[in-house]
Amino acid sequence: MPLAQRSPFYLQKIEDGHLNNSLGSPVQADVYFPRLIVPFCGHIKGGMRPGKKILVMGIVDLNPESFGISLTCGESEDPPADVAIELKAVFTDRQFVRNSCVAGEWGEEQSSIPYFPFIPDQPFRVEILCEHPRFRIFVDGHQLFDFYHRIETLSAIDTIKINGDLQLTKLG
């Protein structure tokens, strides 16, 4: 199976046979790998489901303040899309906080972690494993925490957004 079909990220063909990239400009191609530019917004094919894993690999910037990874129910800004999980690495506080936003209301932020796993100017690997009751978050192969679902329809979680002080090297 071609790599583009195995990846959970894909781009939909529009009527004239072009593909749209995350910036909305048409690209003439049968297979398209979106450039991993931050801020990044990509579609998760089929949405989330138990057993599905999202992989984010990158390099932290040299002098970072923060970066974020969010799984959302679409891309809507007005009204804002529900956020199933927002992960935010905050370097000044050495925190990796997580939260969700449902119907415009942010939930209770969670911040307890056994250690802060990110180092400026170093690569990292974040895996978000969807299980039935929760997301299980791994950094560099070590389970860091669980985040219990606040959005019940997992298949509606179909968008990944990444922003902040990092370079992306791989998504899967």
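Isoleucine 160 has a relative accessibility of 0% and therefore counts as buried, in a model that is predicted. This residue belongs to strand β13, which covers residues 159-164. Although isoleucine 160 and glutamate 75 stand 85 residues apart along the chain, their C-alpha atoms are separated by 8.9 Å.

Taken over the whole chain, the secondary structure amounts to one helix and 14 strands. Of the 172 residues, 43% are buried, and among contacts between residues at least 6 apart in sequence, 59% join residues at least 24 apart.

Five of the strands make up an open sheet, whose order is β12-β11-β10-β5-β14 and whose pairing is antiparallel. The edges are taken by β12 (142-148) and β14 (166-171), each of which has a single partner strand, so that one side of each is left without a neighbour in the sheet. From one strand to the next, the twist averages 25 degrees. The partner of β12 in this order is β11, a strand of residues 134-139 that pairs with β12 in the antiparallel sense over six bridges. Within this part of the sheet, arginine 136 stands opposite aspartate 146 of β12.

The largest nonpolar core holds 36 residues, of which Val56, Phe96, Phe118 and Phe135 touch the most other members. For phenylalanine 96, the contacts beyond four places in sequence are with Leu87, Lys88, Ala89, Gln110, Ser111, Ile113, Phe116, Phe118, Ile137, Val139, Leu144 and Phe145.

Several of these names return when the rings are considered. A pair of aromatic rings is described by the distance of the centres and the angle of the planes. Across the whole structure, a search finds eight aromatic pairs. One of the ring pairs joins phenylalanine 67 to phenylalanine 118 in an edge-to-face arrangement, with 5.1 Å from centre to centre and 80 degrees between the planes. Since phenylalanine 67 lies in strand β6 whereas phenylalanine 118 lies in the loop between β9 (105-106) and β10 (123-130), the pair ties together parts that are 51 residues apart in sequence. Both phenylalanine 67 and phenylalanine 118 are buried.

A further pair is formed by phenylalanine 96 and phenylalanine 145, whose ring centres are 5.5 Å apart and whose planes meet at 65 degrees, so this pair too is edge-to-face. The pair links distant parts of the chain, given that phenylalanine 96 is in strand β8 (residues 95-102) and phenylalanine 145 in strand β12, 49 residues away. Phenylalanine 96 and phenylalanine 145 are both buried. The ring of phenylalanine 145 also has arginine 98 lying over its face, at 3.6 Å from the ring centre. Finally, ring pairs link Phe67, Phe91, Phe96, Phe116, Phe118, Phe124 and Phe145 into a cluster.

Conventions:
Residues numbered from 1 in each chain as written. Predicted model: local features only at pLDDT ≥ 70, side-chain atom pairs only at ≥ 80, totals over all residues. Heavy atoms only, no water. Core = buried A, V, L, I, M, F, W, Y, C linked by side-chain atoms within 4.5 Å. Buried < 20%, exposed > 50% of the residue type's maximum accessible area, 1.4 Å probe, protein only. Contact = heavy atoms within 4.5 Å. Pairing = 2+ DSSP bridges. Helix = DSSP H or I, 4+ residues; strand = E, 2+ residues; numbered from the N terminus. Axes fitted to C-alpha atoms, helices over the stretch in contact; angles between N-to-C directions. Phe/Tyr/Trp six-rings, centres within 6.5 Å; stacked < 30°, edge-to-face > 60°. Lys NZ or Arg CZ within 6 Å of the ring centre and 35° of its normal.
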